[in-house]
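Reader: I would like to go through this protein chain with you. Could you begin with the terms?

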Amino acid sequence: MDECAVINASPLILLSRSGHVDLLSRVAHEIWIPEQVASEILVRGEDDPTVRAIRASSWLHVFPVDRIPPSVLEWGLGPGESAVLALALSTPKALAIIDDLLGRKCA
């Protein structure tokens, strides 16, 4: 099991809506959510299952991402995908969980 994984919005939303967000705890000890990704999700309000999962799970952590490397910016990804890759790249042995095809190619 990895120490940490950095996740994008879509996989987190899919898993929480299907009642399986706990599967992420089998991937890594901690799941990191970049602030840019958390912002996309938190605007949905407190009744949203993904918002509730973020609030209730001690192993889901929101992290600031202040700098996106030029090598990631060049791909023209969305803010969430860029932040996931930037955080994963800055953390040795971090796993990136991203569903976007262009984001996976960039990674």
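Author: A residue is called buried under 20% relative accessible area, exposed over 50% and partly exposed in between, with a 1.4 Å probe and protein chains only. The model is a predicted one: local features need pLDDT of at least 70, side-chain atom pairs count only at pLDDT 80 or more, and totals for chains, interfaces and linings use all residues. Residues are numbered from 1 along each chain as its sequence is written, and side-chain values use heavy atoms, with hydrogens and water left out.

Reader: What percentage of the 107 residues is buried?

Author: Buried residues account for 46% of the 107 residues in the protein chain.

Reader: And the secondary structure, in what order do the elements run?

Author: The protein chain has six helices and four strands. Both are DSSP runs numbered from the N terminus: helices are H or I with at least four residues, strands are E with at least two. Starting at the N terminus, the order is β-α-β-α-α-β-α-α-β-α.

Reader: What is the radius of gyration?

Author: The radius of gyration is 13 Å, close to the 13 Å from the globule rule for 107 residues, so the protein chain is as compact as a globular protein of that length. The radius is taken over C-alpha atoms, and the rule is 2.2 Å times the number of residues to the power 0.38. Along the principal axes, the C-alpha trace spans about 35 × 30 × 25 Å.

Reader: Let us turn to the core. Which residues of the largest nonpolar core touch the most other members?

Author: They are Leu-12, Leu-24, Ile-31, Ile-33, Ile-41 and Leu-60, in a core of 36 residues. A nonpolar core is a set of buried Ala, Val, Leu, Ile, Met, Phe, Trp, Tyr and Cys residues joined through side-chain atoms within 4.5 Å.

Reader: Which element supplies the largest share of this core?

Author: Helix H5 does, with six residues. Nine of the eleven residues in H5 are buried, among them Gly-80, Glu-81 and Ser-82.

Reader: Ser-82 is a polar name in that list. What is Ser-82 in contact with?

Author: Leaving aside neighbours within four places in sequence, Ser-82 is in contact with Ile-68, Val-72 and Leu-77; contact means heavy atoms within 4.5 Å. Ser-82 counts as buried because its relative accessibility is 5%.

Reader: Back to Leu-12. What does Leu-12 touch?

Author: Not counting residues up to four places away in sequence, Leu-12 touches Ile-7, Val-21, Leu-24, Ile-33, Ile-41, Thr-50, Ile-54 and Leu-60.

Reader: Where does Pro-69 lie?

Author: Pro-69 is in the loop between strand S3 (60–63) and helix H4 (70–73). At 15% relative accessible area, Pro-69 is buried. Pro-69 and Ala-86 are 17 residues apart in sequence, and their C-alpha atoms are 6.5 Å apart in space.
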